Amino acid sequence: MGFSLVGSFGSHVWLKNSCHKTVKFQTSSGKKRFSVKFTSKFNSCPGRASALLCKSEVVDFEERTSPLEVRKEIEQCYELIHRLGRGVVYLGSSRMGPDHPHHVQALELSREIANLLDCTTWSGVGPGLMDAVTKGAMQAGKPVGGLKIDKEAGEWTASKFHPYLPSESYLTCRFFSARKHGMVDAAVRNSSSIRTAVVSLPGGIGTLDEMFEILALIQLERIGSELPVPFLVMNYDSFYGKLFDFLGDCENWGTLARNEVASLWKICDNNSEALSYLEEFYDLPSIERHENKSKSTSGTGNEFRSL
């Protein structure tokens, strides 16, 4: 017993019983081709079928068959972080380009935080706000590290290579799980001499995914950090206002304790609030930030220098 393709809409496919066992179809974009074999498993559940997606020239899922591949990539992420140093991890949209006001704010924020904390700046080194924080840290003359994914919601991220960063400063990940392990490790503080933070800029599904995963690790004390890690949410132009309303509803429904989330992060409406919070968190006098800023501005003529 098999199935045959009777219709499709976008990525959705409808099937019906047939004597055919193999169906070849093409996505609406025309770029990916799959060979799909459907077989029935009467011994486990009568009438229930499972689909086997075979390897093609365009899409290769065989890399997921071995946990060793994921482990290898996690180890590579950890090696990169060990070499460049832990620091501030930025989460944010890849779609807010240079003309967007949040892009300008993110660039200025990363530059100021890099000066203040004198640490490595970490992000997904994609376009949009990730590119803004990369350039901001480079303007400050501080090291930049990246855990790239070879598919982002942007233009040049389908490539495994970054347009201007040296290859030794970033890693292109195949697995989101490995990338997430790396992003978390980059923010860990096991020594009082290490200054790190997680900064969540405005973003979409990917940003929210990373944001709440890290928040859950902090909540459950599973982030692996001996010392607390500051978590800042940049609420530019009340971007996250409705999200905060929803979390308030969660408290009313009893799925969150009162002020539970408020105790885990710091909401900042602008860059000044974020910088003041980090100064207080790390007990840094304001004069130190101004001294670091004056040192960096003397050499900002070559903001894209090699790291």
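**Before you start**

This is a predicted model, in which local features need pLDDT of at least 70 and side-chain atom pairs count only at pLDDT 80 or more, whereas totals for chains, interfaces and linings use all residues. Residues are numbered from 1 along each chain as its sequence is written, and side-chain values use heavy atoms, with hydrogens and water left out.

**The whole chain**

Select the protein chain and colour it by secondary structure, which comes to eight helices and 12 strands; helices (H or I, at least four residues) and strands (E, at least two) are DSSP runs, numbered from the N terminus. Of the 307 residues in the chain, 42% are buried, where buried means under 20% relative accessible area, exposed over 50%, and partly exposed in between, with a 1.4 Å probe and protein chains only. Contact means heavy atoms within 4.5 Å, and among contacts between residues at least 6 apart in sequence, 67% join residues at least 24 apart.

**Helices α2 and α7**

Next select residues 101–117, which form helix α2, together with residues 271–281, which form helix α7. Two packed helices are described by the angle between their axes and the distance between the axes. For α2 and α7 the angle is about 20 degrees and the axes are 10 Å apart; axes are lines fitted to C-alpha atoms, for helices over the stretch in contact, and angles run from 0 to 180 degrees between N-to-C directions. The two helices are therefore roughly parallel to each other, given that angles under 35 degrees count as roughly parallel, over 145 as roughly antiparallel, 65 to 115 as roughly perpendicular and the rest as oblique.

Show the side chains of Gln 105, Glu 108, Leu 109, Glu 112, Ile 113, Leu 116 and Leu 117 in α2, which meet Asn 271, Ala 274, Leu 275, Leu 278 and Glu 279 in α7. By class, this contact has seven nonpolar, two polar and three charged residues, with Ala, Val, Leu, Ile, Met, Phe, Trp, Tyr, Cys and Pro counted as nonpolar, Asp, Glu, Lys and Arg as charged, and the others, Gly among them, as polar.

Stay with α7, where Asn 271, Ala 274, Leu 275, Leu 278 and Glu 279 are buried. They cover an arc of only 135 degrees around the axis, which puts them on the same side of α7; the arc is that of the directions from the helix axis to the C-beta atoms. On the face turned away from this buried side, look for the exposed residues Ser 272 and Glu 280.

**Leu 278**

Now centre the view on Leu 278 in helix α7, which counts as buried at 0% relative accessibility. Which residues is Leu 278 in contact with, leaving aside its neighbours within four places in sequence? They are Ile 113, Leu 116, Leu 117, Ala 197, Pro 230 and Leu 232. If you draw a line from C-alpha to C-alpha between Leu 278 and Leu 116, it spans 8.4 Å, although the two are 162 residues apart in sequence.

**Helix α4 and its partners**

Select residues 176–185 for helix α4 and residues 205–219 for helix α5, whose axes come within 11 Å and cross at roughly 55 degrees. That makes α4 oblique to α5. The contact is made by Arg 179, Lys 180 and Val 184 of α4 and Asp 209, Glu 210, Glu 213, Ile 214 and Leu 217 of α5, and these residues divide into three nonpolar, no polar and five charged.

Finish in the loops, with Glu 221 between α5 and β11; Glu 221 has a positive phi of about 55 degrees although it is not a glycine, and at 67% relative accessibility it counts as exposed. Asn 259, in the loop between α6 and β12 (266–268), also has a positive phi, of about 65 degrees, although it is not a glycine, and it counts as exposed at 54% relative accessibility. The C-alpha atom of Ser 238 is separated by 10.0 Å from that of Asn 270, 32 residues apart along the chain.
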